[in-house]
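Subject: Handover of a structural model

Dear colleague,

Please find the structure below, followed by a summary of what was found in it. I would be grateful if you could read the two side by side.

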Amino acid sequence: MASKDIKIGYIGLGSLGSAIFPNLIKYAQEQGLAPPSAWNRSQDKYAALNQEYPDIHTAKELGELVRRSNVIFTCLVNDAAAEDVYTKIVEILRSTPGGVQKGSIVFADQSTLKAKTACT
């Protein structure tokens, strides 16, 4: 994947994610990448983000972010949230017409998870 083809998605705008995501926005701008997308279960965080960074995309549905992104960062609050979100991501990818090419999406998890959860 060429660097200009990178489309960043970010899932989880809690205390840590809301501090990290603006740095990814700035990185994307500096590198000439498409504005990143974000998704959070509680979408009340979108208003402030959209006001400060009007070019980003705030997804209403998780599938919207997954379909728009090929590098997805997650920063989820706990193991249960991670299992729920990743289960949904797998379902979304399985239902994608034409399937998904192996290696076409990179995931970078920044959540604090138990080793058992992180390795499944």
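In which sense do strand 4 and strand 5 pair, and over how many bridges? Strand 4 and strand 5 pair in the parallel sense, and four bridges join them. Two strands are taken to pair if DSSP finds at least two bridges between them. Helices (H or I, at least four residues) and strands (E, at least two) are DSSP runs, numbered from the N terminus.

Please note that this is a predicted model, in which local features need pLDDT of at least 70 and side-chain atom pairs count only at pLDDT 80 or more, while totals for chains, interfaces and linings use all residues. Residues are numbered from 1 along each chain as its sequence is written, and side-chain values use heavy atoms, with hydrogens and water left out.

The five strands form an open sheet in the order 3-2-1-4-5, with parallel pairing. Strand 3 (57–58) and strand 5 (106–109) stand at the edges with a single partner strand each, so one side of each has no neighbour in the sheet. In general, strands of a sheet pair through backbone hydrogen bonds, either parallel or antiparallel.

Strand 1 is joined to strand 2 by three bridges, and these two run parallel; here isoleucine 11 stands opposite tryptophan 39 of strand 2. Strand 1 also pairs with strand 4 in the parallel sense, over four bridges. Isoleucine 8 has valine 71 of strand 4 as its bridge partner, and glycine 9 has isoleucine 72. Isoleucine 72 is in turn the bridge partner of phenylalanine 107 in strand 5, while phenylalanine 73 stands opposite alanine 108 of strand 5.

Are the residues of strand 4 that point to either side buried or exposed? Val71 and Phe73 on one side, and Ile72 and Thr74 on the other, are all buried, where buried means under 20% relative accessible area, exposed over 50%, and partly exposed in between (1.4 Å probe, protein chains only). In strand 1, Ile8 and Tyr10 point one way and Gly9 and Ile11 the other way, and all are buried.

Helix 1

Helix 1 (residues 17–31) has 15 residues, which at 1.5 Å a residue should span 21 Å; its end C-alpha atoms are 21 Å apart, in agreement. The expected span is 1.5 Å times one less than the number of residues. The buried residues of helix 1 are Gly17, Phe21, Pro22, Leu24, Ile25 and Ala28. They lie on the same side of helix 1 because they cover an arc of only 160° around the axis, the arc being that of the directions from the helix axis to the C-beta atoms. These buried residues pack against strand 1 (8–11), strand 2 (37–39), helix 2 (46–52) and strand 4 (71–74), contact meaning heavy atoms within 4.5 Å. Just after helix 1, glycine 32 has a positive phi of about 70°.

Helix 4

Helix 4 (residues 79–94) lies across strand 1, strand 2, strand 4 and strand 5, and runs at about 175° to strand 5. For such angles, axes are lines fitted to C-alpha atoms, for helices over the stretch in contact, and angles run from 0 to 180 degrees between N-to-C directions. The 16 residues of helix 4 should span 22 Å at 1.5 Å a residue, which agrees with the 22 Å between its end C-alpha atoms.

The buried residues of helix 4 are Asp79, Ala81, Ala82, Val85, Ile89, Ile92 and Leu93. An arc of only 155° around the axis holds them, which puts them on the same side of helix 4. Ala80 and Arg94, on the other side of helix 4, are exposed. Among the elements that cover the buried residues are helix 3 and helix 5 (115–118).

Glutamate 83 also belongs to helix 4 and counts as partly exposed, at 43% relative accessibility. At the start of helix 4, a side-chain oxygen of asparagine 78 comes to within 3.2 Å of the backbone nitrogen of alanine 80.

Serine 69

Where does serine 69 lie? Serine 69 is in the loop between helix 3 (62–68) and strand 4, and it is buried, with a relative accessible area of 7%. Its side chain reaches the backbone oxygen of leucine 65 at 2.8 Å. Not counting residues up to four places away in sequence, serine 69 touches Lys7, Ile8, Gly9, Ser37 and Ile105.

With kind regards

Methods. A polar contact is a pair of N or O atoms within 3.5 Å; within protein, one must be able to donate a hydrogen and the other to accept it, and residues adjacent in sequence count only if both atoms are side-chain atoms.
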